[in-house]
Amino acid sequence: MTQATMERPIAVEQQAQPPATLTPAHRRHILDLDDFSKDEIELVLDTSVAMKEILGRPIKKVPTLRGKTVVNAFYENSTRTRISFELAAKNLSADVVNFTASSSSVSKGESLVDTIRTLEALGADVIVMRHSESGAPYLAAQHFRGSILNGGDGTHAHPTQALLDIFTMREKLGEIAGRKVVILGDIFHSRVARSNVWGLARMGAEVVLCGPPTLLPFKPGALEWGATADNSVTVHVEYNIERALKNADVVMALRMQKERQTSGLLPSIREYVNLYGLTTARVALARSNALIMHPGPMNEGVEIMSDVAYSRQSVIEEQVTNGVAVRMALLYLIAGGA
């Protein structure tokens, strides 16, 4: 990915500045976290702290992106991601256009590339894209002179969700390195899990993937996901939920994605609930202050029980709130100095 050094310090306003010593590598696109360094992730997190401070003010708006146009191009339905990106862009004073594929010329057969070229011709500076096909934002990035922000593509990646998850963990637990993070459920279809693995591995966390064998991408002991260049970070695969949850610092339940599954992966939802549903008794196996997380939307009573989702350990609503601050930070970092 093309990068060039930005010489200016990070500063939104005088009252909301991350450390002035941070000078990020300026990324044109945010497509996934597999090529992010630990320093770059920390920069996003530090910038998000400043953005969250802005969100706590009576007037939640700064002029940073005044004159910029952000297009939310969503080829899949979304609530949290689309609205949080819209709020983030508006809080930075950008002009925002929401594009829905079903009500556009896409329904008449217009290709993705033609759509991207049309949006560019209409003046888009940043396109936030969610697409059902894995790799669609990468194709768009090849044909767009502005910036592409991946809001989720197929089963491949969801980098902004992973960054807001990591931000929430750091906010609550402090240092991420050495923390045990269990990602539980439908790993195979989860773009959230994939991006979280890359990001958490870079931050030095111990990542455990737990779920039925049919919904896990690797066998126990696999090293492929999340390994650093020197293989100093590994991702552990565990089929037994009780073993996985022991001494966990974070437990992230994933939505059972029925719409992405082909027949035969699970005998029944009831059996999945019995074997892998996140209950109060299972949470007790983790550390007493373990965080309970979920990227949403939740299937309460399936992958997570209602009493767990709304327990004192749950930070699920805070994840949603933090999503606005993190997406403000990303928009600022890729477009604020352009």
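Reply: Let us begin with a term: a pocket is an open set of grid points with protein on both sides within 12 Å along at least five of seven lines, and its lining residues have an atom within 4 Å of a point. The model shown here is predicted. Its largest pocket has 22 lining residues, and those nearest its centre are Arg-130, Arg-191, Arg-255, Gly-296 and Pro-297. The elements that contribute two or more residues to this lining are α2 (80–91) and α6 (191–202), and the space in the pocket comes to about 430 Å³.

Me: How do the residues of the lining of the largest pocket divide into nonpolar, polar and charged?

Reply: The lining holds 4 nonpolar, 11 polar and 7 charged residues. Arg counts as charged, Pro as nonpolar and Gly as polar.

Me: What is known of the second largest pocket, and which element gives the most to its lining?

Reply: The second largest pocket has a volume of about 190 Å³. It is lined by 18 residues, and Ser-84, Gln-319, Val-320, Thr-321 and Val-324 are the closest to its centre. Two or more residues come from each of α2, α5 and α11 (316–335), with α11 giving the most, 7 residues.

Me: What makes α5 largely enclosed by the rest of the structure?

Reply: A residue is called buried when its relative accessible area is under 20%, and 12 of the 15 residues of α5 are buried, so the helix is largely enclosed by the rest of the structure. Among these buried residues are Pro-159, Leu-163, Phe-167 and Leu-173. After α5 comes Gly-174, which has a positive phi near 85 degrees.

Me: How do you know that the span of α5 is close to the one expected?

Reply: The expected span is 1.5 Å times one less than the number of residues; for the 15 residues of α5 this gives 21 Å, and the helix reaches 21 Å from its first C-alpha to its last. In α11, which has 20 residues, the reach is 29 Å, close to the expected 28 Å, although there is a kink of about 30 degrees centred on Asn-322. Helix α11 is also mostly covered, with 16 of its 20 residues buried.

Me: Why are both faces of strand β10 called covered?

Reply: In a regular strand the side chains alternate between the two faces of the sheet. In β10 (residues 250–253), Val-250 and Met-252 lie on one side and Val-251 and Ala-253 on the other, and all are buried.

Me: How do you know that β7 and β10 pair, and which strand is joined to β10 by 3 bridges?

Reply: Two strands pair if there are at least two bridges between them. Ile-183 has Met-252 as its bridge partner in β10. Strand β11 (residues 291–293) is joined to β10 by 3 bridges, again running parallel, and Leu-291 in β11 stands opposite Val-250.

Conventions: Residues numbered from 1 in each chain as written. Predicted model: local features only at pLDDT ≥ 70, side-chain atom pairs only at ≥ 80, totals over all residues. Heavy atoms only, no water. Helix = DSSP H or I, 4+ residues; strand = E, 2+ residues; numbered from the N terminus. Buried < 20%, exposed > 50% of the residue type's maximum accessible area, 1.4 Å probe, protein only. 1 Å grid on protein atoms, 1.4 Å probe; cavity = no way out; pocket = protein on both sides within 12 Å on 5 of 7 lines; lining within 4 Å. Points joined across faces, edges and corners; volume = space filled by probe spheres on them. Bend = angle between axes of the 7 residues up to and from the residue.
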